[in-house]
Amino acid sequence: QVQLVESGGGLVENGGSLRLSCAASRSIVSINIMGWYRQAPGKQREMVAHITSRGTANYADSVKGRFTISRDGAKNTVYLQMNSLKPEDTAVYYCNAYEVVFGLKSDYWGQGTQVTVST
């Protein structure tokens, strides 16, 4: 069991930057995968970035080269650094944790944080 709380969203100009934080209620060093997803009005929720317990990161093509996901085990926190933001990045961003322990699969979600990029 782990609770996730996102923060760092807000309103930014086209081309600006934001850093999102996902604070977990316990250690995340052994969680198999942590990731960021987003959902814009009228669209499906999509994977933005995820990172494994070994530090391997993967990104959606639309954000590759602009966004960076990272983990800080000492702070039980996952970050998403977003640079060169575009209006199409506007969405609610959700933190996700996927954990498998002795065959038991658990999937946890935060409540989301709004990111709005002006034209």
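This report describes the fold, the salt bridges and a few individual residues of one predicted protein model.

The model is predicted, and for that reason local features are reported only at pLDDT of at least 70 and side-chain atom pairs only at pLDDT 80 or more, whereas totals for chains, interfaces and linings use all residues. Residues are numbered from 1 along each chain as its sequence is written, and side-chain values use heavy atoms, with hydrogens and water left out.

## Overall fold

The protein chain has zero helices and eleven strands, where helices (H or I, at least four residues) and strands (E, at least two) are DSSP runs numbered from the N terminus. Read from the N terminus, the order of elements is β-β-β-β-β-β-β-β-β-β-β. For 119 residues, a compact globule would have a radius of gyration near 14 Å, and the 14 Å of the protein chain agrees with this; the radius is taken over C-alpha atoms, and the globule rule is 2.2 Å times the number of residues to the power 0.38. Along the principal axes, the C-alpha atoms fill a box of roughly 50 × 30 × 25 Å.

Of the 119 residues, 38% count as buried, a class that means under 20% relative accessible area, with exposed set at over 50% and partly exposed in between (1.4 Å probe, protein chains only). The protein chain exposes about 6,500 Å², of which carbon and sulfur atoms supply 49%; these areas come from the Shrake-Rupley method with a 1.4 Å probe, and for residues only the protein chains shown count as cover. Among contacts with a separation of 6 or more, 54% involve residues 24 or more positions apart, a contact being heavy atoms within 4.5 Å.

## Charges and salt bridges

There are 12 positive and 9 negative side chains, and the centres of the two sets lie 5 Å apart. Lys and Arg count as positive and Asp and Glu as negative, while His and the chain ends are not counted; the place of a charge is NZ of Lys, CZ of Arg, CG of Asp or CD of Glu. Side chains of opposite charge can pair when their charged atoms come close. With a salt bridge defined as a side-chain nitrogen of Lys or Arg within 4 Å of a carboxyl oxygen of Asp or Glu, the count comes to five. The table gives three of these pairs.

| Salt bridge | N to O distance |
|---|---|
| Arginine 38 and aspartate 89 | 3.0 Å |
| Arginine 66 and aspartate 89 | 2.8 Å |
| Lysine 64 and aspartate 61 | 3.4 Å |

Aspartate 89 pairs with arginine 38 at 3.0 Å. Because aspartate 89 lies in the loop between strand 8 (77-82) and strand 9 (91-101) and arginine 38 in strand 4 (residues 33-39), the pair ties together parts that are 51 residues apart in sequence. Aspartate 89 is buried at a relative accessible area of 1%, and arginine 38 is buried at 5%.

Aspartate 89 also meets arginine 66 in a salt bridge of 2.8 Å. Arginine 66 lies in the loop between strand 6 (57-59) and strand 7 (67-72), so this pair ties together parts that are 23 residues apart in sequence. Both arginine 66 and aspartate 89 are buried. Arg38, Glu46, Arg66 and Asp89 are linked in a network of salt bridges.

In the pair of lysine 64 and aspartate 61, by contrast, lysine 64 is exposed with a relative accessible area of 51%, and aspartate 61 is exposed at 67%.

## Individual residues

Leucine 20, found in strand 3 (residues 18-24), is buried at 0% relative accessibility. Leaving aside neighbours within four places in sequence, leucine 20 is in contact with residues including Trp36, Leu80, Met82, Tyr93 and Val115. Leucine 20 and asparagine 32 are twelve residues apart in sequence and 20 Å apart in space, C-alpha to C-alpha.

Valine 12, in strand 2 (residues 10-13), is buried at 11% relative accessibility. Not counting residues up to four places away in sequence, valine 12 touches Ser17, Leu18, Leu85, Thr116, Val117 and Ser118. Valine 12 and threonine 90 are 78 residues apart in sequence, and their C-alpha atoms are 9.8 Å apart in space.

Most residues other than glycine have a negative phi. Asparagine 76, in the loop between strand 7 and strand 8, has a positive phi near 55°. Serine 84, in the loop between strand 8 and strand 9, has a positive phi near 50° and counts as partly exposed at 42% relative accessibility.
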